[in-house]
Amino acid sequence: MSLYARTSNSRGADSAHPADRFLGLGQVVLLVMGGTIGADVYVASALGAHLGSSGLFVWAAGAVMAMAVIMAFAVCALVVPDTGGPYLYARRAFGPLAGFLAGWAVLAAQWAALVALPVAFSGYLQTIVGQHAWLPWYGAATRVMFLAAVALAVCHGPRLTALINDILTVARLVPLLLVLVAGLTWAALHPTQALDHLSPLRPPPLRAGCAMLVPVFWAYAGFEVGSIPAGQVKEPRRTIPLGLILGMAAASAIYLVVNFTTALVVPPSELVVSPAPLMSCARGVAAGLLPFWPQAPGAAELLLGIGVLVSILGTATAVAFAVTYLVAAMASARLLPPALGRVHPRLGTPVTALLVLTVPAALASMASGLLSIVSTAVVCSAFAYLATALAAWRLNPTLAGRLLAALATAACLILLSLTELGVLAAGAGLLALGGLLYALRRHLPAPAPGVWVETFTPLVALAPEMGAARTPAMGVLRAPAIGTAHAPATPGFVTPGLIAPPSWQTRFWQTRFVPAAASFFSRLRPLPRPRRRLRIPG
């Protein structure tokens, strides 16, 4: 069975200039891992802690479903190797409205994550402070202050946000690595006790496992960022599918090993009631490895808790920055009111869009529970993934392509069927809002000309209709306002992703680390060099 199908829509791979394609397999793998691994793993592990060691089966099922959805993205990337991700796939298959709704679903999922993160931050802070010292009004105050701090960081411009994001991105992975290394070391030194904690290892009850599959899948979402910058990827028909699969396999392995380590270290009776399993794992590891230091368990738990708080803050900053500039770009494309695209004259930030996003997020975080918010984010993502799966069915009529598209469609329908009716209604309401905005776009006034937005190409991609162009210096995209003399007046959609301006940290990442990683991946399986044909003069 072959996945390759001839189609008249696949023009990007041939029309793009080779100089515009500078991302290799290593960069795509890192993009997928960076979009997947984040603070959501701490949230999902806390929500599913009551299952104990049986939760490993739920995490494995989530990895299988995520890999099934990944296959639909791989099939679409074979046919449409252009910049855009879910938006472009649905647009090529079903038209502009379907493409806009697919992109809007990704935007809604990002906004729902912005609502969920302050709730998770408040919960972990309550665990650190202690129930006895936590007053009822602390939760609402913490969530408002959290979003205020995030908005303040984003409001001071891209450079400060990039510096904060670069620092917190490194700090986001430190707790996972500490739990992984220290936990496996403890298990190797205490094998009998570790196996006793793990047994009996059996699947959870069907109803409980299905109920936790939705929040666990939230930890696997975000991989679509690897398919968005396909227009800047070398050999996208080969690199995008392989990078998506390898990136998801690596992220799934990290998640499974971390949760397996937690089940080895924490006793079952403590794990099922723990509000923060990773913090309980740190306490158990410190007690076993440092028995001569009585304060070691509490110090380890406190340090890991602070690391989790920093991770949640970093993820929220990146999401708020991405969604804010996405909404501003949509306003420039006459898809939203032009006021949302206005940039502050001194700060250079779309402050109006930032306030419109963060104020409702603060209100929603105080009105809903964490599980409902996470489930709403999964529903919005599932709509975007379902659009991609259906697009794969239509764009690639081969037997293998349609088989993979059917598996991805089944995975999305299973996710939607496992959510509550109220959550489904909330997700459908957000999509209906997007459809209403799309219907009213022709009545919006033209935006003010001359607004330029600089973003970092590997982490955000602009749709071709936005008139984006890549400059030679460090892959910076300059996206002019739609309707000006520099760009066509065709309404488009900007696909979301993690945004970072070209600071010295991103320059070092692109010029040093990323080429080294790409060289490493290319040496694993060297490609045959094309033979040169000799030309005989005359």
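Guide: This is a predicted model. Cys380 is buried, at a relative accessible area of 1%. Cys412 is buried as well, and its relative accessible area is 0%. Both values fall in the buried class because that class covers anything under 20%. The structure holds zero disulfides. The cut-off behind that count is a pair of cysteine sulfur atoms within 2.5 Å.

Trp137 is exposed, with 54% relative accessible area, while Tyr138 is partly exposed at 26%. Tyr220 and Tyr255 also make an edge-to-face pair, with 5.3 Å from centre to centre and 75° between the planes. Tyr220 belongs to helix H10 (residues 206–220) and Tyr255 to helix H11 (residues 236–265), so their pair ties together parts that are 35 residues apart in sequence. Tyr220 is buried, with a relative accessible area of 0%, and Tyr255 is buried with a value of 0%. Elsewhere, one aromatic cluster is formed by Phe73, Tyr89, Phe217, Phe223 and Tyr385.

Gly55 sits in helix H4 (residues 55–79) and is buried, at a relative accessible area of 7%. Gly55 and Phe260 are separated by 205 residues in sequence, yet their C-alpha atoms are 9.3 Å apart in space.

The surface also carries a nonpolar patch, made of Val144, Leu355, Val359, Leu363 and Met366, with about 430 Å² of accessible area together. Helix H15 (residues 351–367) gives the most to this patch, contributing four residues. Met366 is placed in helix H15 and is partly exposed, with a relative accessible area of 37%.

To return to the request: Cys380 is buried at 1%, Cys412 is buried at 0%, and the structure holds zero disulfides.

Terms used:
Residues numbered from 1 in each chain as written. Predicted model: local features only at pLDDT ≥ 70, side-chain atom pairs only at ≥ 80, totals over all residues. Heavy atoms only, no water. Buried < 20%, exposed > 50% of the residue type's maximum accessible area, 1.4 Å probe, protein only. Phe/Tyr/Trp six-rings, centres within 6.5 Å; stacked < 30°, edge-to-face > 60°. Helix = DSSP H or I, 4+ residues; strand = E, 2+ residues; numbered from the N terminus. Patch = residues over 30% accessible without salt bridge, like charges linked within 9 Å, V, L, I, M, F, W, Y side chains within 5 Å. Areas by Shrake-Rupley, 256 points an atom, 1.4 Å probe, with all protein chains shown as cover. Salt bridge = Lys/Arg side-chain N within 4 Å of Asp/Glu carboxyl O.
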